[in-house]
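Biologist: I'd like to learn how to read a fold like this one. Can you walk me through it?

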Amino acid sequence: MSDKELDLPVPDPGLEEHPPRFTDVDPAAADRSYRQIVAMLAAVPVLVIAFLVVYFAVPRDAELILFGSTFKMQTTLLGLTAGFATLLIGIAAIAWARSLMSDEEIVGERHGAASPPEARERVLADLEIGIDASAIRRRKLLGTGMAGALGMMLLPAVVSLADLGPWPTAEERAKTIEKTIWAEGVRLVTDVTNVPLKATDLVVGQLVNAQPENLEHLEDSAEYQIAKAKASIIVVRMDPNSIKIPESRRDWQVDGILCYSKICTHVGCPISLWEQQTHHLLCPCHQSTFDLGNSGVVVFGPAARSLPQLPITTDAQGYLVARGDFTVPVGPSFFERDSLKDFQEGDR
Ligand code: FES
């Protein structure tokens, strides 16, 4: 149809003249480009192997001084190798498209949404033409190289999964998430200020944020943070006549002074919103509410189990000390939790 018949406001200028590229007119230039692309793709497996070597061989605490700044050597080298491998794949793909694939402009006429069978056949025929134009049939190494390079890039991703932590076997869990630094005789000290707590320091209705005294001996900051995250506690004093203390926990408290994990058993928020009158402790994240006057059981909200209670007593000087570690894991519930057989009333 002519422009006049189509009633176009501006005449269709048609396609511009197609300028040929060097690689279209000079087979030597096309071969050169082909070799460059293959060389870039061939460098990717080398970089991936370098990534794996760095991952396993370079110590995590080794440092690298560059331009006067200090960097972690392993992280820097992992970034450089994985980054260059990705960059080379990108550059190779662009070079392939710009120099070897066909760049002939084509006009596609609009048509209805549903393609008639002839159109589908035409698409398949065009696809064949496109595959031919991409040079992938004649220069098979390109396709293999690109597929191989992309495949190799999966390796760093898979190997890096090891950084999610050790495999959580029962033994590993017993050493890590099911254990805190609380132990028999460790004093309870105030959070941040590290002042040892005496039973006589607390009045009925009071709540104190606390932590184990041995926390301050940890020098490595990561170890300190992990230990603190698991061992943080709240200490509350309630009138012993107004609370329910199961027989099995009778000697876990000192004159109504009870100690619980500060970490919500839902998804681990720290809690200390304390309602003196009801003895309820409210988690600000999703409103789980625990009854500290009844073994820390859940009275409202999404938490699935009670707040773990730390058994305490006093030492010869009257300071509050732990009787041992928590008897159940602190923090959010996790599916292996039931592997612990020693639940007591109020632990769930
Ligand atoms: S983390 Fe406490 S209720 Fe969700």
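This is a predicted model: local features need pLDDT of at least 70, side-chain atom pairs count only at pLDDT 80 or more; totals for chains, interfaces and linings use all residues.

Biologist: Which order do the strands of the open sheet have?

Modeller: The order is E3-E4-E5-E6, four strands with antiparallel pairing. E3 (188-190) and E6 (257-261) are the edge strands; each has a single partner, so one side of each lacks a neighbour in the sheet. From one strand to the next, the twist averages 40 degrees.

Biologist: Now the helices. How do H3 and H6 pack?

Modeller: The general idea first: a packed pair is described by the angle between the two axes and the distance between them. Here, H3 (residues 27-57) and H6 (residues 140-152) pack at about 25 degrees, with axes 9 Å apart. Angles under 35 degrees count as roughly parallel, so that is what we call H3 and H6. The crossing of H3 past H6 is left-handed.

Biologist: Which residues make the contact?

Modeller: From H3, they include Ile37, Val38, Leu41 and Val48; from H6, Leu141, Leu142, Gly145 and Met146 are among them. Sorted by class, the H3 contact with H6 has twelve nonpolar residues, one polar and no charged ones.

Biologist: And which domains does the assignment give?

Modeller: Domain 1 covers 18-104 + 119-164, and domain 2 covers 170-336. Taken over C-alpha atoms, the centres of domain 1 and domain 2 are 54 Å apart.

Technical notes:
Residues are numbered from 1 along each chain as its sequence is written. Two strands pair if DSSP finds at least two bridges between them. Helices (H or I, at least four residues) and strands (E, at least two) are DSSP runs, numbered from the N terminus. Axes are lines fitted to C-alpha atoms, for helices over the stretch in contact, and angles run from 0 to 180 degrees between N-to-C directions. Domain bounds come from an automatic or database domain assignment. Angles under 35 degrees count as roughly parallel, over 145 as roughly antiparallel, 65 to 115 as roughly perpendicular and the rest as oblique. A crossing is left-handed if the near helix is turned anticlockwise from the far one by less than a right angle, and right-handed if clockwise. Two residues are in contact if their C-beta atoms, placed from the backbone, lie within 7 Å. Ala, Val, Leu, Ile, Met, Phe, Trp, Tyr, Cys and Pro count as nonpolar, Asp, Glu, Lys and Arg as charged, and the others, Gly among them, as polar.
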